[in-house]
Amino acid sequence: MSLIDLLTGNTSNQVAEQAENKFGISRNQVIALLAVAAPLIISYLRNKSQDAKEAEALNNALDKDHNGSILDDPSQVEARQAEGGSILDHIFGGQKSSVENQLSQNTGISIDKIGPILAMLAPVVMGYIGQQKQQSNVGAGGLGDLLGEFWVMHPTRLRLSSQIL
């Protein structure tokens, strides 16, 4: 599965439907947010993975909790929302509220809903990275390169991502 498949396929549609039902926003807005959030999360993780300790922590998290099963069973998304919040806290750190504000402004999703929706999406993105890590047989030392490949392969690479970074 490519990043484009993740963004346009069955998984994103199912996740968008859950978010639509839970938060009352359109499915298209959720898919647009995923299209922005996935490469943004990946780029932050790529930057973090340049540090050996961060790369090892990411590698361990992917091995332990993010094998890609969520991509086959998106019904897990709501149950893993709290985990998604923790993922975002770690990835964005002190920039989390700034990232959420920028995403809210650029997607039209209200600020009170953007964080919870991102928290639903984060385990999906991590599941995708974990699945790709397993398929590529990459360890901590190769995560930066793997994450860089996703960034390069994403066709829009989102001017938004560069605005937020």
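**Close-up views of helix packing in a predicted model**

The protein chain in this predicted model has a mean pLDDT of 86, with 91% of its residues at 70 or more; pLDDT is the predictor's confidence in each residue, from 0 to 100. Residues are numbered from 1 along each chain as its sequence is written, and side-chain values use heavy atoms, leaving out hydrogens and water. Because the model is predicted, local features need pLDDT of at least 70 and side-chain atom pairs count only at pLDDT 80 or more, while totals for chains, interfaces and linings use all residues.

**View 1. Helix 2 meets helix 3.** Here you can follow helix 2 (residues 10-23) as it packs on helix 3 (residues 27-48), at an angle of about 125 degrees and with the axes 8 Å apart. Axes are lines fitted to C-alpha atoms, for helices over the stretch in contact, and angles run from 0 to 180 degrees between N-to-C directions. Helices (H or I, at least four residues) are DSSP runs numbered from the N terminus. The two helices are therefore oblique to each other: angles under 35 degrees count as roughly parallel, over 145 as roughly antiparallel, 65 to 115 as roughly perpendicular and the rest as oblique. From helix 2, S12, N13, A16, E17, A19 and E20 meet R27, V30, I31 and L34 of helix 3, where contact means heavy atoms within 4.5 Å. By class, this contact has 5 nonpolar, 2 polar and 3 charged residues. Ala, Val, Leu, Ile, Met, Phe, Trp, Tyr, Cys and Pro count as nonpolar, Asp, Glu, Lys and Arg as charged, and the others, Gly among them, as polar.

**View 2. A salt bridge joins E17 and R27.** The closest N and O atoms of this pair are 3.9 Å apart; a salt bridge is a side-chain nitrogen of Lys or Arg within 4 Å of a carboxyl oxygen of Asp or Glu. E17 lies in helix 2 and R27 in helix 3, so the pair ties together parts that are 10 residues apart in sequence.

**View 3. Helix 3 packs with helix 9.** Helix 9 spans residues 111-136, and its axis is 9 Å from that of helix 3, at an angle of about 60 degrees. That makes helix 3 oblique to helix 9.
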